[in-house]
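This report describes selected helices and chains of the structure shown below.

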Amino acid sequence: MSLFLQQIINGLTLGSIYGLVALGLTLVYGILHIPNFAHGALYMVGAFMSYFFMVDLGAHYWIAMAGSAAVVAVLAILCERLVFHPLRHSPPIHDKIAAIGILLFLEAVVQMFWGSDFRRMSSPFTGIMNFDGLIIPEQRLLIIAGAFVLVVALQLFLRKTMTGATIIAMAQSREGAFLVGIDANRVAMMTFAISGMLAAFAATLYAPINLVYPAMGHLVIMKAFVIIILGGMGSVPGAIAGGMIIGFAEALGGFYISTSYKDIIAFGLLVLILSVRPQGLFAKGAH
Amino acid sequence: MFKVASLLMTPAAKYLMLAFAILFPLVAANEYQVYVMATAFVWAIAVYGLNIITGFCGQLNLAHGGFFAIGAYTLGLLTADYGWSFWPAFLGALVMTAVLGFLVGIVSLRLKEHYFAIFTLCVGFIIYLLIDKWEELTHGAIGVRDIAAPYGFGLVDFTDTTPFYYLVLAFLVFAIWFMGRLSKSLLGRTFIAIRNGDELAQSLGINLMRNKVLAFVLSTTYAGLAGALYAGMVRFIGPEEANINHTFDMITYLLVGGIGTIMGPLLGTVGIVWITQSLQFLEEYRMIIFGPLLVLLVIFFPRGITGSFLTWMHRKSQALAPTKKRQENKVKTAQNREAESNA
Amino acid sequence: MLKVENVTKMFGGLAAVSDVSVEFEAGRINAIIGPNGAGKSTFFNLISGLHQPTSGRILLDGVDVTSLPSDQVARLGVGRTFQTTNLFEQATVLDNLIVGHRLRTKSGLWDVLINSKRLQREEKAARDKAMEALEFVGLTSVAGQLITDITQEERKRVAFALALATDPKIVLLDEPAAGVNPEETVGFAALMRKMVDEKGLTVCLIEHKMDMIMSLADKIMVLDHGEKIAEGTPEEVRNNPVVIEAYLGGDEDAAA
């Protein structure tokens, strides 16, 4: 039983991270209809930035996280301005290739500075909590709590602020948004910034119980894509629910079926779903 | 610059290039250069495959490197573990990639644009994971050793670099010849119509699924052919052959050379392979240059070297037409368009 | 020629087209008008098979085509244009048109590999058909131009030619005169008339330009909120109070 609960905690942890990454991806997709293949690279840069602030500059974990979020937000805005904005009228294949270009570039730059070694990043939360035999490392609790706080904050921002409302409006109807005079450029930049920040937060939260290396974004981004297809491209609740589904599937599947194939679960699920429902599980219909 | 390149596009230039390729082993400084060129040719064959599905048909297939690896592994495993000799295993690799391409195609090609790209990205990764984890079949991370080299029926010894180079060249020439014929044929035009838009193509009576699957199977078979040749050349392969980065490399070659063109895949692949080779420091960090290059290409020269030259040449040959009136018209339409978008 | 019986199309819970019945006679110019969002383009998509109706029947020369996919509908002789036509920008006008006749040919992969007689014959036929269509729309002079170098009006004519190259019996034209100036609009009207008179085609068009419709169409169907609210000759439709209400009552500008 306690082993099972342990897997539930693991699933929650994984689901939280996947959910945060998928949230950024789905926001960008909802608003600009770009599948941002470079999102995983932003996640990776987020981890390295935190590592840099902590290890090289000696900053505190929280400071490092904030700094990393700021850097990645700026980076994401640059991507939007310099790459995706000029491509907004191009054939759909072009923005995907450009996103791959960004991904390759960011990975190569990080590799140039830090090499391709696996690095460990510490965090002040190294303790382990014992709830009547159920052992939970503090960092995992932090991940779950942090993701929860971020999701609530994002919801408040989207629902309660003017800027958030414009983002929602534009996600629902781009033409409509133009008609009511929404500054599409500002919304696009804002969305990329939020998406980058979420990626950086997720990376910084997850890095202490994982490793930091240039290719660390690959698996995460692919799973995030699976998640947003599961949850409906552009849907915020869908991204969170999808993140949890994949997180739990991996934790339980990895434990009860096979550890070496646990990464395949998400993709197998995707293949299965898309084979049956080409539009995704909760998709509202074709765009 | 344009002039030099426009010379490259004439039919005579193609024969010159072929002559150069045939003479290359004689003028190469050492065997290593011949080997590098043969590698470039192998990749070029795979890039031609990507050109069919992505360049002509407009579907960004991110599993292409995976099919390359399947071709390589099929040949490798059949010869190393199951005692097949090279040529039957070679055929086996083609059949395997075609059949798997068909199966993946009928599922994935029902998906539109982004979904297709994401789906194939995942398929590519599943292929990598299977190769890496299914140790009973693939030997996992250890890789496959002692892969057979092609036998030359007692006439040539393909374990030597130069004969192998000619073998690859022969396949490459066939690949390009077929691509050229395809592009001008009604079938190739059908693929291009699909790239222009699913709905338009259907309204022209084109069966989307049948044609997309055909294009996909052709492309995976090209990838399988290249993979099998690669395995026969290096004779030792590992899970890294299925790394997604190979797909990204091929996209770069295709974009630089010219997506949807006939000579683009060759020029892009050979050009970049040699640039990377000659600037050794680039080997590891080449993506610092090629990443931004990809972005710049899709923004400013979406049809790459070859495509841009072809357009330029065509305009030049049409320059005798009454340009002035045409330009006036263009200004007028631009204004119309603006008026429309303001309305 | 084309008979639509009680066709309804639901998207989610909304009816984009609701219980529409209409019959278009052969050799006539039929116009579909209505405010924006009235379901006109959806109606075209239903006829051409891009969408399947939720209920109702569509008959083409007595053949039930209701649930046929779009490519088969095209083969049965329904040609169409779109509001915007994506063409291969870096290829010539002629190259873009050759594929139009593809649906009347059979060559496959094997023919390409051996360059069969059939392929050569069919390619010639497709090329001739493309030239013929170009000549019909009056674009022979730009056959060798790249698409990216031709004008907006010429593009629209290329889209016409592409539909004609499929050897259709009926053509569905979605806003053929949108975004072209008044003189060019007259040219398109003449072209449509020529399709009927010289080729014996049935034309069906969606259009907002009322002057053109009123002088050109033999029959007009008016859609509003997915429902057919009127049908008849231009004269009848012009004086129909329901139509006047629909156009004046809404916010949409009828002349737009």
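Helix axes are here lines fitted to C-alpha atoms over the stretch in contact, and the angle between two axes runs from 0 to 180 degrees between N-to-C directions. The model is predicted.

**A helix pair in chain A**

Helix α3 (residues 61-84) of chain A and helix α4 (residues 92-114) of chain A have axes that come within 11 Å and cross at roughly 135°. The two helices α3(A) and α4(A) are therefore oblique to each other. The crossing in which α3(A) passes α4(A) is right-handed. On the α3(A) side, the contact involves A:L75, A:C79, A:V83 and A:F84, which meet A:D95, A:A98, A:A99, A:I102 and A:L106 of α4(A). By residue class, this contact of α3(A) with α4(A) comprises 8 nonpolar residues, no polar ones and 1 charged.

| Helix | Residues in helix | Span between end C-alpha atoms | Expected span |
|---|---|---|---|
| α11(A) | 15 residues | 22 Å | 21 Å |

For α11(A), which covers residues 262-276, the distance from the first C-alpha to the last is close to the expected value.

Which residues of α10(A) are buried? They are A:V236, A:G238, A:A239, A:G242, A:G243, A:I246, A:G247, A:E250, A:A251, A:G253 and A:G254.

In α11(A), the buried residues are A:D263, A:I264, A:A266, A:F267, A:L270, A:I273 and A:L274. Their packing partners are α9 (217-231) and α10 (236-256) of chain A, together with α6 (113-133) of chain B.

**Chain B as a whole**

Chain B contains 16 helices and 2 strands. Of its 343 residues, 60% count as buried. Among the contacts in chain B with a separation of 6 or more, 79% are between residues 24 or more positions apart.

**One residue of chain C**

C:D128 lies in helix α5 (residues 117-137) of chain C. Is C:D128 buried, exposed or partly exposed? Its relative accessible area is 39%, so C:D128 is partly exposed, a class that lies between under 20% for buried and over 50% for exposed. The C-alpha atoms of C:D128 and C:A165 are separated by 9.5 Å, and the two residues are 37 residues apart along the chain.

Notes: Residues are numbered from 1 along each chain as its sequence is written. Chains are lettered from A and ligands numbered from 1 in the order in which they are written. This is a predicted model: local features need pLDDT of at least 70, side-chain atom pairs count only at pLDDT 80 or more; totals for chains, interfaces and linings use all residues. Side-chain values use heavy atoms; hydrogens and water are left out. Helices (H or I, at least four residues) and strands (E, at least two) are DSSP runs, numbered from the N terminus. Angles under 35 degrees count as roughly parallel, over 145 as roughly antiparallel, 65 to 115 as roughly perpendicular and the rest as oblique. A crossing is left-handed if the near helix is turned anticlockwise from the far one by less than a right angle, and right-handed if clockwise. Contact means heavy atoms within 4.5 Å. Ala, Val, Leu, Ile, Met, Phe, Trp, Tyr, Cys and Pro count as nonpolar, Asp, Glu, Lys and Arg as charged, and the others, Gly among them, as polar. The expected span of a helix is 1.5 Å times one less than its number of residues. Buried means under 20% relative accessible area, exposed over 50%, partly exposed in between (1.4 Å probe, protein chains only).
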